Amino acid sequence: MDPITVALITVGCVFVLILLGVHIGVALALLSVLGIWAITGKPFVAISLLGTTAYSAIMDYVYAVIPLFCLMGLLASASGATRDLFDAAQVAFGRMRGGIGIATVIANAVFAAITGVSVASAAVFSKVAVPEMQRLNYDRKFSFGIVAGSAILGMLIPPSVLMIVYGVLTEQSIGRLFIAGIGPGLVVTATLSLGIWLMVVVSPRLGGQMEKLPPLNLRTALKTALKPWGVVLLIVLVLGGLWGGFFTPTEAGAIGAAGAMLLMVINRQFNWHNIVDVLMEIGRTTASIFLLLIAAQMYSRMLTLSGLAAKLSEWAAALPVPPIMIVLMFIVVFLLLGMIIDSISILLLTIPIMYPVAIKLGYDPIWFGMVSIVAIEIGLLTPPFGMVVFAMKSSLGDAATLEEIFTGSIPFIIMLLFALAVVIAYPPLSTWLPSLM
Amino acid sequence: MNMPIRLLHGLMALLNIIGAIWVVLIMLLIAVDVAGRAFFNAPLFGVPEIVKISVVGLVWCQMAHTLRIGAHLRSTILVERLPAGARTVIEFISFLLGAITFALIVYSGWDNMLESWRIGEYEGEEPVRVPTYPIRSLVLLGAALTAVQFALMAVDRLRARKIVETKAPF
């Protein structure tokens with residue numbers, strides 16, 4: 001059989017198996033073996049690929065960034081950084097109409113700079129910010145939308161697991177991708193904050209009652225605002241060190257984790273209970289990401305071997321449509337996939353096929369990465385199966401229904417699509433900072 | 001639950017914790033290396049080699065336990081909406097596919113592992129030589145345990161026991 005037909009059938013079968021609930025890593029690995037077998041006609045070549053990929057494909061210094069940044073995020077959360085950041089942002093913005101909403105966005109943005117995953121932010125802020133907004137009589141759905149919308153900052157602002165995976169798949173520098181993420185991350189933060197402010201100006205009912213806030217005491221306010229100094233220092237150290245070329249991404253992860261551990265000690269959270277929690281959590285994220293990475297490397301070898309990606313990019317380049325249409329089509333695919341699977345799996349399934357096409361069309365690899373990541377993250381909010389929404393539901397319990405969270409998210413999805421359009425229209429937002437490195 | 005299964009699950013949990021402590025040790029090693037370079041102009045030798053092979057080791061330590069607590073990623077949107085009988089059959093087959101995949105990893109890595117023990121394979125140049133044969137064995141142990149865990153889940157599915165599920169953290 002023609003290798004390209006084999007590859008197309010394999011890709012189709014991967015999607016069928018994933019829909020049927022086969023573990024995503026298993027579906028990718030097993031079908032890549034079958035695909036390579038069908039292309040080469042040699043079963044042993046295909047099977048031996050399993051053994052070598054499981055061992056040598058992940059034996060790379062740069063892959064240590066994943067467990068190290070996971071550790072940093074977990075330690076920083078355990079140090080109580082989330083609560084402190086939210087309190088500080090509340091002091092700064094809480095007096096405005098809709099201020100707690102803006103404070104949630106800002107606290108999420110800062111917290112995102114020490115954590116690499118979105119859904120964790122959604123769960124934490126559901127517990128911290130939602131009760132506070134409800135106490136001030138914010139509209140319920142509005143408060144859910146704020147938390148859901150701002151949670152996706154977790155993966156947009158570096159460090160981000162998605163940027164690491166994108167870097168691995170496309171052989172781009174992870175350090176540069178991290179720095180590139182700052183621009184789009186700030187655009188999304190600004191869009192969400194302005195959007196919340198506008199919504200409250202247009203319809204003041206959403207923003208609750210300011211009268212319930214206690215009078216401001218300058219001393220305590222200052223104390224609260226300065227409490228998260230450690231976290232801010234840590235972010236400056238990690239991102240600054242990366243940007244200045246003083247650290248490799250792996251070193252930045254290790255230094256960040258060590259700093260976060262120090263914060264735990266300073267905040268008196270360095271106890272047995274917290275340490276056991278952190279240790280149990282590392283495996284959950286690290287091993288699940290690595291299984292996907294191993295499987296994805298086999299899948300991308302299969303695709304390369306078949307020549308599908310090369311063929312597809314030639315075909316796309318010859319299409320009589322403007323190249324941007326193809327990128328927009330990719331975005332539609334990301335949003336659709338976001339309705340069924342998690343963000344990392346989307347990246348693994350699509351990038352080996354889409355990346356060569358985007359490069360062939362002359363797009364910048366880093367810009368394309370940022371566009372993909374923002375689009376995939378928006379998919380986490382869209383019904384029927386947005387992951388962030390489900391994480392919030394499980395964290396809020398009976399206090400909210402899925403429908404309420406989804407309807408609350410709709411205005412935020414529109415804001416995020418606007419931010420995505422900005423990121424697409426102004427490539428220097430993504431490419432200028434890394435070009436200075 | 002009977003004794004051998006409990007022992008296996010205990011081994012998975014133990015390896016998981018070892019993997020987590022391994023991450024912390026790597027963190028300390030790199031932090032000391034960076035501090036040594038920055039303040040004393042004296043970096044450690046062999047850190048990249050150690051980190052490199054550690055990644056492989058610690059990941060495979062955590063693989064089986066992660067499956068057991070239901071944290072490997074899958075999409076259950078469709079199966080959740082199927083009638084119970086169809087769901088049992090589909091999940092039984094999908095867990096079986098998992099067991100086969102990981103068993104194949106053990107099978108295909110076996111000869112390389114034996115060979116690496118025989119020749120005393122290592123990574124890096126003199127004076128820093130990090131032996132890799134223990135890591136190769138650890139990979140196969142992790143893969144074997146994961147295959148066993150998949151098989152246990154397939155059996156549980158037939159006996160209609162509850163399978164642990166967690167949502168993706170991404």
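Chain A carries 20 positive and 18 negative side chains, and the centres of these two sets sit 7 Å apart. Here Lys and Arg count as positive and Asp and Glu as negative, with His and the chain ends not counted; each charge is placed at NZ of Lys, CZ of Arg, CG of Asp or CD of Glu.

Keep in mind that this is a predicted model, where local features need pLDDT of at least 70 and side-chain atom pairs count only at pLDDT 80 or more. Residues are numbered from 1 along each chain as its sequence is written.

Now for the overall build. Chain A has 23 helices and zero strands (DSSP runs: H or I for helices, at least four residues; E for strands, at least two; numbered from the N terminus). Its radius of gyration is close to what the globule rule gives for 437 residues, so chain A is as compact as a globular protein of that length. That radius is taken over C-alpha atoms, and the rule is 2.2 Å times the number of residues to the power 0.38.

| Chain A | Value |
|---|---|
| Radius of gyration | 22 Å |
| Box filled by C-alpha atoms, along the principal axes | roughly 75 × 45 × 45 Å |

Of the 437 residues, 60% count as buried, meaning under 20% relative accessible area with a 1.4 Å probe, protein chains only.

Let's zoom in on one residue. A:Asp342 lies in the loop between α18 (323–337) and α19 (343–360). Is A:Asp342 buried or exposed (over 50%)? It counts as buried, because its relative accessibility is 2%. Its side chain makes a polar contact of 2.8 Å with that of A:Ser345 (a pair of N or O atoms within 3.5 Å; within protein, one must be able to donate a hydrogen and the other to accept it, and residues adjacent in sequence count only if both atoms are side-chain atoms).

Technical notes:
Chains lettered and ligands numbered in written order. Heavy atoms only, no water.
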